[in-house]
Amino acid sequence: MKKLILVIFLGLIGFGVKAQVNDFKSSKTQFMIRGYGHMGYENVTINGDKETTYNGGTFAPIFLFKHSDRLMVEAELEFQINEGSLEVGFEYANIMYILNDYMTIRGGKFLLPFGTFMERLHPSWVNRMPTKPLGFGHDGIAPSSGVGVELRGAFRVGTSTINYSVYNTNGPGIKTPDGVEPGEAGMLAFNNLIDNNNSRAFGGRLGILPFANNSTEFGVSFYTTDKAGDTGSIYENLGANLFALDFSFVKQLAGLGGIVDVKSQYNKSKVDNMIYTVEETPGEFENLNFDNNSNSFYAQLSYRPTMSGSEFISKLEFVTRYSTLRTPEGAGWEVNKKEYSFGLNYWISWRSLIKLNYQSITGEGGHDTLGDFDQKGLYLHWAIGL
């Protein structure tokens with residue numbers, strides 16, 4: 001009798017477990033952490049002053065949450081050691097919803113598709129150089145991110161592919177003589193988490209990949225606003241218009257025995273003119289009246305002999321970059337610089353590389369610099385994608 005009761009009891013347990021297994025349905029909810037990081041050594045001489053240091057590195061985790069096949073969330077933080085202190089950056093965080101095969105809408109803070117460098121190429125394990133080209137980053141003229149909404153997508157036309165993006169974000173601000181950096185009066189400030197004048201910026205990018213193998217892409221971008229100054233200030237109605245042209249070519253060429261990768265982007269910025277009265281020294285003022293036009297350009301060529309019979313040589317990559325930056329003549333932030341860089345990379349894996357780079361930047365002006373500018377740098381960086 002006891003054995004019979006035991007058999008019935010175990011059978012009920014087994015039936016219950018089987019029922020639970022049959023009722024289980026796999027969830028479409030997924031969570032993933034990706035990102036990138038880098039560290040390195042830098043030997044840089046600026047106008048005769050030499051600085052050598054290990055770069056404490058950057059760690060940028062990217063959080064990806066897939067709620068369903070259509071609804072997703074992404075966010076990126078950036079932890080960076082800068083001048084001995086830890087800096088934490090909020091790069092982006094947005095929610096996106098796939099409307100159909102050709103349209104995706106997202107809202108929040110996102111990288112702006114103004115050209116391709118900041119949206120696609122700036123992560124340290126993607127960027128073939130340890131530094132950004134002139135015109136990007138601090139005191140750059142190209143916007144990198146914005147807070148707002150965006151509609152984007154892609155579709156085929158014959159053998160070609162067209163991709164597009166249109167967005168509406170908080171507009172840029174403008175630095176003024178009574179601000180934190182009066183010497184940079186007239187410079188656009190893009191990092192507007194809260195809009196400063198109830199006016200928005202509109203922008204977009206159109207990309208065309210004319211060939212079926214998608215090896216080549218041409219792109220054109222714009223970014224415009226009617227108002228950049230704070231509400232009620234004399235600068236409120238200053239407008240700004242920016243555009244960019246970009247080009248990309250990536251293909252393995254049997255005749256060259258490897259992969260050739262070409263990237264370039266031209267940026268143009270025009271802000272309405274204004275006379276800025278700046279206090280140069282206590283009690284002494286100067287009127288800065290300049291044509292507020294800026295432009296920057298970069299072109300980069302890399303070659304990786306992937307078809308070499310030597311495993312070591314196939315992991316090498318030769319890269320060179322040329323970039324320029326010109327900001328308004330007569331402005332307190334006037335710059336006219338050129339960069340020449342040459343590098344040798346070694347790919348440890350498909351997402352980890354060591355970069356050895358020599359960089360020369362010459363010209364005039366710059367952040368906290370008057371007159372001639374001469375920078376020579378040797379960089380050794382290790383970057384990894386997570």
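Which strand or helix gives the most to the lining of the second largest pocket? Strand E1 does, with three residues. Helices (H or I, at least four residues) and strands (E, at least two) are DSSP runs, numbered from the N terminus.

The model is predicted, so local features need pLDDT of at least 70 and side-chain atom pairs count only at pLDDT 80 or more, while totals for chains, interfaces and linings use all residues. Residues are numbered from 1 along each chain as its sequence is written, and side-chain values use heavy atoms, with hydrogens and water left out.

**Pocket**

The second largest pocket holds about 290 Å³ of space. Its lining has 16 residues, and Tyr 36, Ile 62, Tyr 92, Pro 123 and Trp 125 are the closest to the centre. Strand E1 (30–46), strand E2 (49–66) and helix H2 (117–121) each give two or more residues to this lining. On a 1 Å grid over the protein atoms alone, a pocket is an open set of points with protein on both sides within 12 Å along at least five of seven lines; a cavity is a set where a 1.4 Å probe fits but cannot get out, and lining residues have an atom within 4 Å of a point. Grid points are joined across faces, edges and corners, and a volume is the space filled by probe spheres set on the points.

**Cavities**

There are two cavities of 30 Å³ or more. Residues lining the largest cavity include Ile 141, Leu 188, Phe 190 and Trp 333. The lining of the second largest cavity includes Lys 109, Phe 190 and Tyr 223. Strand E6 (145–157) and strand E7 (160–170) each supply at least two residues there, and E6 gives the most, with three.

| Space | Volume | Lining by class |
|---|---|---|
| Second largest pocket | about 290 Å³ | nine nonpolar, three polar, four charged |
| Largest cavity | about 80 Å³ | six nonpolar, five polar, no charged |
| Second largest cavity | about 50 Å³ | five nonpolar, six polar, one charged |

Ala, Val, Leu, Ile, Met, Phe, Trp, Tyr, Cys and Pro count as nonpolar, Asp, Glu, Lys and Arg as charged, and the others, Gly among them, as polar.

**Nonpolar cores**

The largest nonpolar core has 31 residues, and Ile 174, Leu 188, Tyr 223, Leu 242 and Tyr 276 have the most contacts inside it. H2, strand E12 (240–253) and strand E14 (275–281) each give two or more residues to this core. A second, separate core of six residues includes Leu 134, Ile 141, Leu 325 and Val 335. A core is a set of buried Ala, Val, Leu, Ile, Met, Phe, Trp, Tyr and Cys residues joined through side-chain atoms within 4.5 Å, where buried means under 20% relative accessible area (1.4 Å probe, protein chains only).

Conventions
Buried < 20%, exposed > 50% of the residue type's maximum accessible area, 1.4 Å probe, protein only.
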